[in-house]
Amino acid sequence: MISEPVGVRPTKRCLGDLGLEPPDLGVCLEEIDQPVIVSAQAVPEQRAAGGAERVVALTDRVWFKVKTRDHRAAVTELRGTDIPEWVRPSRGAWWIGAAGRRQADSAQRDFYATVQRECTTGRTVSSDHLLPGEWDWKRLAAEQAVAWRREMKRMVIRLVAMSLKRGQLAVAEFRDHRIKALVRAENGHEAYLAIIAEGVPDPRMFALLLDCVPGVAAEDWQPEPSPLAEMNPGSGEIIWSTLFPSEVANEILDLDGDD
């Protein structure tokens with residue numbers, strides 16, 4: 001089984017420290033091309049190999065150092081109940097809590113000394129405010145929704161193109177669901193397209209599924225059985241069909257060829 005790469009995400013605080021604006025939701029924060037964020041991606045492997053350097057002054061939890069020529073940062077790993085249940089550990093366990101410029105000429109202005117002062121009150125050390133907050137979790141959820149939608153659209157276009165080329169039912173597994181597409185064109189009749197799903201009880205999700213077919217308006221879909229396609233859903237199946245104009249078919253073939 002191939003393990004998913006672990007991403008180390010900058011928090012909103014970290015982005016501010018680096019003077020960065022959040023990119024659009026199609027870009028994962030851990031993929032931002034900034035030297036200290038890029039270097040931070042190596043910390044999980046360094047920790048596993050015993051080579052990560054701790055920020056020893058932060059004693060309330062384990063933080064690791066990230067060093068580049070011009071920047072410094074602090075990275076931590078969330079565990080257990082610190083991670084919301086909906087979050088995959090590969091995308092939401094590791095975070096860059098703070099970053100700053102290297103200040104090699106001054107121990108007082110050193111990034112780690114500054115973070116230590118920021119997190120220390122009397123004898124108490126607390127770095128909780130460097131952990132991801134509401135904005136960070138909402139941003140992660142939005143990125144995942146955009147990626148999920150993009151993946152679903154690619155899969156639907158691929159299925160419709162396969163059925164169009166082979167004249168057969170095309171089937172794929174998507175997350176916990178089975179999705180099928182069938183393009184049927186009979187002599188002397190208009191072609192139609194049917195999208196079939198198993199294990200999709202949420203009508204909002206099915207609406208998103210149908211919306212992945214370009215060039216077909218929402219009101220042009222109809223549930224089966226219908227006089228158009230005369231298909232009878234099997235056990236656990238939901239089927240919606242629509243007329244399938246040639247220009248829509250050509251657009252789908254073009255989109256499938258671009259992948």
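## Contacts of serine 127

Two residues are said to be in contact when heavy atoms lie within 4.5 Å. In this predicted model, serine 127 is in contact with Asp60, Arg61, Trp63 and Cys119, its neighbours within four places in sequence being left aside. Serine 127 belongs to the loop between strand E6 and helix H6.

Is serine 127 buried or exposed? Residues under 20% relative accessible area are termed buried, and serine 127 therefore counts as buried, with a relative accessibility of 0%. Alanine 181 stands 54 residues from serine 127 along the chain, and the C-alpha atoms of these two residues are separated by 52 Å.

## Strand E4 and its partners

Strand E4 comprises residues 94-101. Seven of its eight residues are buried, so the strand is largely enclosed by the rest of the structure.

Which strands pair with E4? Strand E1, residues 8-10, pairs with E4 in the parallel sense over three bridges. Here proline 10 is positioned opposite isoleucine 96 of E4. Strand E3, residues 71-77, pairs with E4 in the antiparallel sense, over seven bridges. Histidine 71 has arginine 101 in E4 as its bridge partner.

## Aromatic pairs

A pair of aromatic rings is described by the distance of the centres and the angle of the planes. The structure contains four aromatic pairs. In one of them, tryptophan 95 and tryptophan 137 are arranged edge-to-face, with 5.2 Å from centre to centre and 75 degrees between the planes. This pair links distant parts of the chain: tryptophan 95 is in strand E4, whereas tryptophan 137 is in helix H6 (residues 134-166), 42 residues apart.

Tryptophan 95 is buried, with a relative accessible area of 1%. Tryptophan 137 also counts as buried, at 14% relative accessibility. Ring pairs join Trp95 and Trp137 with Trp86 in a cluster.

## Helix H5 and its surroundings

Helix H5 runs over residues 111-119, and its buried residues include Phe111, Tyr112, Ala113, Val115 and Cys119. Against which strands do the buried residues of H5 pack? They pack against E3 and E4, and also against strands E2 (63-67), E5 (120-121) and E6 (124-125).

The N-terminal end of H5 is capped by aspartate 110, which has a side-chain oxygen 3.0 Å from the backbone nitrogen of tyrosine 112. Tyrosine 112 takes part in a further arrangement: lysine 65 lies over the face of tyrosine 112, at 4.9 Å from the ring centre.

How values were computed: Residues are numbered from 1 along each chain as its sequence is written. This is a predicted model: local features need pLDDT of at least 70, side-chain atom pairs count only at pLDDT 80 or more; totals for chains, interfaces and linings use all residues. Side-chain values use heavy atoms; hydrogens and water are left out. Rings of Phe, Tyr and Trp (its six-membered ring) pair if their centres lie within 6.5 Å; planes under 30 degrees apart count as stacked, over 60 as edge-to-face and the rest as tilted. Helices (H or I, at least four residues) and strands (E, at least two) are DSSP runs, numbered from the N terminus. Buried means under 20% relative accessible area, exposed over 50%, partly exposed in between (1.4 Å probe, protein chains only). A charge sits over a ring if NZ of Lys or CZ of Arg is within 6 Å of the ring centre and within 35 degrees of the ring normal. Two strands pair if DSSP finds at least two bridges between them. A polar contact is a pair of N or O atoms within 3.5 Å; within protein, one must be able to donate a hydrogen and the other to accept it, and residues adjacent in sequence count only if both atoms are side-chain atoms.
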